[in-house]
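Please keep the structure open alongside the text.

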Amino acid sequence: MSYKNIYLKRGKEESLLRFHPWVFSGAVQRVDEGVAEGDLVRVITADGNFIAVGHYQNSSITVRVLAFQDIAIDHKFWTMRLSDALRMRQSIGVADNTQNSTYRLIYGEGDNLPGLIIDCYDQTAVIQAHSLGMHLCREDICKALLEVMGSRISNVYYKSDTTLPNADELGQANGFIHGQTDNNITVENGLKFRVDWLRGQKTGFFVDQRENRSLVEHYSKDRSVLNMFCYTGGFSVYAMRGGAKLVHSVDSSAKAIELTNNNVALNFPDDSRHKAFVDDAFRYLEETDNLYDLIVLDPPAFAKHRSSLRNALKGYTRLNMKGLSHIKSGGLLFTFSCSQVVSKDDFRRAVFTAAAQAGRKVRILHQLHQPADHPISIYHPEGEYLKGLVLYVE
């Protein structure tokens, strides 16, 4: 191995000794000459001891650690990490399941591959890089992925235009890096969905709500359901299979409403129970007179940085207050935050404030989170981002 080194200030290896996978810029004493963005580097303590190897980036997170052993990051490494990830998905029943071809194979730090996301949609895997180092390794990752997945995967699509720093300067373009297909239909728990990996958010589908969608299905029988921020209509489709008497889907994006209508039609053609509306969520809740038995509030992240936390919490309070005002007595509210900087306690306080302002008595039935194919490394609690509550509203 000919990786160059970065050297830590004295005492700054403590978090690495606890296997936290990030080296922050403030911990770095110096960097070998010639180290470039995205390079693989060895991390050396002030006493001259090796401690980790990872991808270098000139940012607040200077190194994303790939291994705490002095090993080569080569084909053997990528196949080992991907094989470990696949075995775990097989063990929890989301991979090699005839009723489910939709799952996250790699979740960054949770799978010891910081900066990398891989989602599987039937025969197509979508790779997303969140660091320059992973971007530069995309062909190596693709090769190892095809070897590990075998007949499970025929196509690999690379989609990192919105996640890479300085993507424009890199000339990064989304596209297939192996195979090609026009078939974008995948199966989740026996339901069919079209995945827009070309232009859609994230990798084209919100894989992280699979188990929470199933819970909505469980509670939907004979209920009127409102799915706010519906995007691809996942909650709506599950509610319909659960026996909802009507389902309303709302999103400010006409493209999202088109996706929702397509997915409803895939599973329930010509079903009059469903109606979709292109509208701003707050405006819809302000202007509608409808009351619902079950409401889903799954907004995009209100805060991506800690500096916007206070305004985000106000936004969650306002949204949930509006939602609670449209729930019938004895109804259910499924409410979520996918903002990593919003803690579970912060979110609960915002929702409780909303309940008090709306004058509704509520009880928590479930505390929700991301599914098992989005594992959280015990050494990297920052990986826990999705939190939700199911409230019984009196």
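A residue is called buried when its relative accessible area is under 20%, and exposed when that area is over 50%. The model is predicted, and in it Asn-320 has a relative accessibility of 0%, which means that Asn-320 counts as buried.

**Asn-320 and its surroundings**

- Asn-320 is placed in helix H10, which covers residues 309–324.
- The side chain of Asn-320 has a polar atom 2.7 Å from the backbone oxygen of Tyr-316, and a polar contact of 2.6 Å links this side chain to that of Thr-335.
- When residues up to four places away in sequence are not counted, Asn-320 touches Leu-297, Leu-333, Thr-335, Val-351 and Ala-354.

**Nonpolar cores**

- In soluble globular proteins, nonpolar side chains tend to be buried together.
- The largest nonpolar core here has 34 residues, and the residues with the most contacts inside this core are Trp-78, Leu-105, Ile-118 and Leu-145.
- At least two residues of this core are supplied by each of strand S6 (61–67), helix H2 (75–91), strand S7 (102–107), strand S8 (116–121), strand S9 (124–129), helix H4 (138–149) and strand S10 (155–158), with H4 giving the largest share, six residues.
- Once neighbours within four places in sequence are left aside, Trp-78 is in contact with Ile-73, Leu-113, Met-134, Cys-137, Asp-140, Ile-141 and Ala-144.
- A second core, separate and of 32 residues, has Val-216, Tyr-238, Leu-294 and Phe-334 among its members.

Conventions. Residues numbered from 1 in each chain as written. Predicted model: local features only at pLDDT ≥ 70, side-chain atom pairs only at ≥ 80, totals over all residues. Heavy atoms only, no water. Helix = DSSP H or I, 4+ residues; strand = E, 2+ residues; numbered from the N terminus. Buried < 20%, exposed > 50% of the residue type's maximum accessible area, 1.4 Å probe, protein only. Polar contact = N/O pair within 3.5 Å; in protein donor to acceptor, adjacent residues only side chain to side chain. Contact = heavy atoms within 4.5 Å. Core = buried A, V, L, I, M, F, W, Y, C linked by side-chain atoms within 4.5 Å.
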